[in-house]
Amino acid sequence: RHTDHLIRIRKVSQARYHFELAMANFFAGLSSLGILFLSVVIFVFSQGHAGDIWKLVPAFLMMAINMAIVSFLSSTLSIILPPFLSGSISVVITLVGIFYSLFFLVKDVLGGFAGGFFKVVLFLFPNLHEISRSAGEFMGGEMADLHIILKGLLWVYIFAVLILIIKRKEA
């Protein structure tokens, strides 16, 4: 837990240290996403649809928003929580975000107190499914929904600001 003491000795601010750590986390995830998209490019090209490869670039950028949300979320939580707890909560929030439409359906079916609980949960969690669906629809020839993209970028902004604001007590 006290592994950042070498950084603190060098007079690097906590905000800068945590933000750069979050950016490194994002770029590591982005490189993994790039490798996955490279395999899709190879597949699309091998199937004779080379003209559709250009659609992968905006889809990649849309999926990068999801990657940024998850990276900045986990980085934000890791500042204030122990590693296991922050990782567990990040996984739960990511799964809720991926299965957002399913939880939305459950909210509508349940109603009452349980429906209200799911409504609050869905308000507090980012909708990762919506961005993924929009990227898939774009690849299918539809226009990308700018509102969905802007909501995703707003989540990235919120988590980035939280990284800059939240400070560790022992630092």
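Guide: Lys55 is in contact with Phe138, Met139 and Gly141, leaving aside its neighbours within four places in sequence; contact means heavy atoms within 4.5 Å. This is a predicted model, in which local features need pLDDT of at least 70, side-chain atom pairs count only at pLDDT 80 or more, and totals for chains, interfaces and linings use all residues. Residues are numbered from 1 along each chain as its sequence is written, and side-chain values use heavy atoms, with hydrogens and water left out.

Visitor: Where is Lys55 placed, and why is Lys55 called buried?

Guide: Lys55 is in the loop between α2 (14-46) and α3 (56-80). Helices are DSSP runs of H or I with at least four residues, strands are runs of E with at least two, and both are numbered from the N terminus. Buried means under 20% relative accessible area, exposed means over 50%, and partly exposed lies in between, with a 1.4 Å probe and protein chains only. The relative accessible area of Lys55 is 15%, so Lys55 is buried.

Visitor: What makes the pair of Lys55 and Asp52 a salt bridge?

Guide: The term requires a side-chain nitrogen of Lys or Arg within 4 Å of a carboxyl oxygen of Asp or Glu. In Lys55 and Asp52, the closest N and O atoms are 3.9 Å apart, so the pair meets the definition. Asp52 has a relative accessible area of 33% and is therefore partly exposed.

Visitor: How many salt bridges does a search of the whole structure find?

Guide: The search finds five. Among them is the one in which the side chains of Lys107 and Asp108 meet at 3.0 Å, N to O. Lys107 is buried at 15%, whereas Asp108, at 47%, is partly exposed.

Visitor: Why are Glu137 and Arg133 separated by about one helical turn?

Guide: They are separated in this way because they are four residues apart in helix α7 (residues 128-139). Glu137 forms a salt bridge with Arg133, the closest N and O atoms being 3.0 Å apart. Glu137 counts as partly exposed at 28% relative accessibility, and Arg133 is partly exposed at 33%.

Visitor: Which residues make the nonpolar surface patch?

Guide: Val91, Leu95, Ile98, Phe99, Leu102, Leu105 and Val109 make a patch of about 660 Å². The elements that give two or more residues to this patch are α4 (83-98) and α5 (100-110). Patches are made of residues with over 30% relative accessible area and no salt bridge; like charges are joined within 9 Å, and nonpolar side chains (Val, Leu, Ile, Met, Phe, Trp, Tyr) within 5 Å. Accessible areas come from the Shrake-Rupley method with a 1.4 Å probe, and for residues only the protein chains shown count as cover.

Visitor: What makes Phe99 partly exposed, and where is its place?

Guide: Phe99 has 43% relative accessibility, so it counts as partly exposed. Phe99 is in the loop between α4 and α5.

Visitor: In which helix does Gly116 lie, and how far apart in space are Gly116 and Phe159?

Guide: Gly116 lies in helix α6 (residues 112-124). Gly116 and Phe159 are 25 Å apart in space, C-alpha to C-alpha, and 43 residues apart in sequence. Gly116 counts as partly exposed at 31% relative accessibility.

Visitor: How many helices and strands are there in the protein?

Guide: There are eight helices and zero strands. Buried residues make up 35% of the 171 residues.
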